[in-house]
Amino acid sequence: MTRHDVVIVGGGIIGLTTAWNLTSTNPELSVTVLEKEERLAVHQTGHNSGVLHSGIYYRPGSNKATTCRAGRAAMIEFCRANDIDHDICGKVIVATGADQVVSLDALADRAEANGVKARRVSVAELRELEPEVAGIDALHVPDAGIVDFGAVCRTLAAKLVDAGTLIRTGAEVTSLSEGIRDVRVDLAGAEPLRADLVITCGGLHSDRLARHVQPELPERILPFRGEYFELKPERRQLVKNLIYPVPDPRFPFLGVHLTRTIDGSIHAGPNAVLALAREGYRWRDIDVRDLAEVFAFPGWWRLAASYWRTGVGEYYRSLSKRAFVAALQQLVPALSTDDLEASPAGVRAQAVSRQGELLDDFVWSETSRVVSVLNAPSPAATASLAIGQRIADRAVAHLT
Ligand SMILES: Cc1cc2nc3c(=O)[nH]c(=O)nc-3n(C[C@H](O)[C@H](O)[C@H](O)COP(=O)(O)OP(=O)(O)OC[C@H]3O[C@@H](n4cnc5c(N)ncnc54)[C@H](O)[C@@H]3O)c2cc1C
């Protein structure tokens, strides 16, 4: 049975940045990355808004706040060093009603506590930044930007392979068995492996991977699909950079926004509805096992009972383009349904407790020989180099 020092499960941006941090400081380690798909980064990492977040939103001192700031800086440096397109274009967070101004005040305080630059702008200044936006108050956040996370992953993978890391695609891990001396890694249709340490970075399957070694793990991943529309090329001038609403502080999602991507297209979304499969990118993608697990989980019913009103609104916007556009028109009134065409959706992996709480922060857990990333939602792509550093540090602590 082939033996490795470290096996990393998951070839999304968290698995790759963890491998990168680990091998950069410990080149003597034999590290293998296992990805079940034929290509890397095809799930959350390949289906996101491509925004480099500034770190404004997160609870001061939380993993999200600290890794987002450090990770953003590291990501910009990595992009510069490797010629990867990115643009620190800034964004506006726009209050469209008087009730949102208090939340905007709270966000301005949070920016200060997190050391993130943010400036209150007048309606006239807002119009200069984004001429088509209707708002009564706004924050301008100059450090937000855009990047192609897919290109980041391709570069990371190429560098890892050059430095001797083995990356195996089409390699699905079916179970992990932790022993005293090592961990046995079973694969679908291939020989098992053995590793001194395993790190799981499984995104939408992170709870299942962790449960192989922590069967009592109380949290579950719920998959929330986020649908997007794209502005027709002739209407792209409606949006210059990144336009966000004031987020509802009860949820970790940021609300439907308008963002420019690195290829110049403008995306609108995402909303948030329960996906009918962990990798359910369309309404017709249904997985009976995934759904049965959701409905058997008390956390889902408690979450649904607390937030059913918001949920109904999200479903309505999912089924009705007109309703989706109405939400966008609060930010950009000149938008019409004819301006938008459907664009591929993404599915967020969101850990939920048995009590029905959405876990807000990045979470990882450890047994003697397995480090499991459990919750790495947005802004984990922005923060990935810093998250990867923390996970790599934990791995080294286990190995020494
Ligand atoms: C709609 C949407 C918009 C977002 N927007 C942003 C944004 O603008 N900015 C930002 O910073 N973040 C954003 N995010 C969040 C960000 O994309 C994710 O936090 C990040 O990509 C998570 O990376 P990951 O490696 O943990 O997960 P993933 O990219 O999902 O990778 C996990 C990998 O593990 C593999 N895997 C799972 N199980 C197994 C197994 N048993 N064996 C082998 N391989 C396995 C999967 O196939 C997958 O490739 C967004 C996310 C979504 C969904």
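Here is a short tour of this predicted model, stop by stop.

**Before you click.** Numbering starts from 1 along each chain, following the sequence as written. Since the model is predicted, local features need pLDDT of at least 70 and side-chain atom pairs count only at pLDDT 80 or more, while totals for chains, interfaces and linings use all residues.

**Stop 1: the two domains.** Colour 1-87 + 143-219 + 360-400 as domain 1 and 221-358 as domain 2; these bounds come from an automatic or database domain assignment. Their C-alpha centres sit 25 Å apart.

**Stop 2: where they touch.** Here 27 residues of domain 1 are in contact with 23 residues of domain 2 (contact: C-beta atoms, placed from the backbone, within 7 Å). On the domain 1 side, select β4 (86-87), β8 (145-147), α6 (206-211) and β20 (370-375), each of which supplies at least two residues. Helices (H or I, at least four residues) and strands (E, at least two) are DSSP runs, numbered from the N terminus. That side of domain 1 has 10 nonpolar, 11 polar and 6 charged residues, where Ala, Val, Leu, Ile, Met, Phe, Trp, Tyr, Cys and Pro count as nonpolar, Asp, Glu, Lys and Arg as charged, and the others, Gly among them, as polar.

Stop 3: You get an open, antiparallel sheet in the order β3-β8-β4; strands pair if DSSP finds at least two bridges between them. Zoom in on Asp-87 and you'll find Ile-146 of β8 opposite.

Stop 4: Most residues other than glycine have a negative phi, and most peptide bonds are trans. Now for some exceptions.

- Gly-269 to Pro-270: a cis peptide bond with omega about -10°. Pro-270 is in the loop between β16 (266-269) and β17 (273-274).
- Ser-378 to Pro-379: also cis, omega near 10°. Look for Pro-379 in the loop between β20 and α10 (380-399).
- Ala-41: not a glycine, yet phi is positive at about 60°. Ala-41 lies in the loop between β2 (31-34) and β3.
- Asp-83: again a non-glycine with a positive phi of about 60°, in the loop between α2 (63-81) and β4.

Ala-41 has 26, so Ala-41 is buried; Asp-83 has 8, so Asp-83 is exposed.

Key
Two residues are in contact if their C-beta atoms, placed from the backbone, lie within 7 Å. A residue is buried if 20 or more other C-beta atoms lie within 10 Å of its own, exposed if 12 or fewer, and partly exposed in between; C-beta atoms are placed from the backbone.
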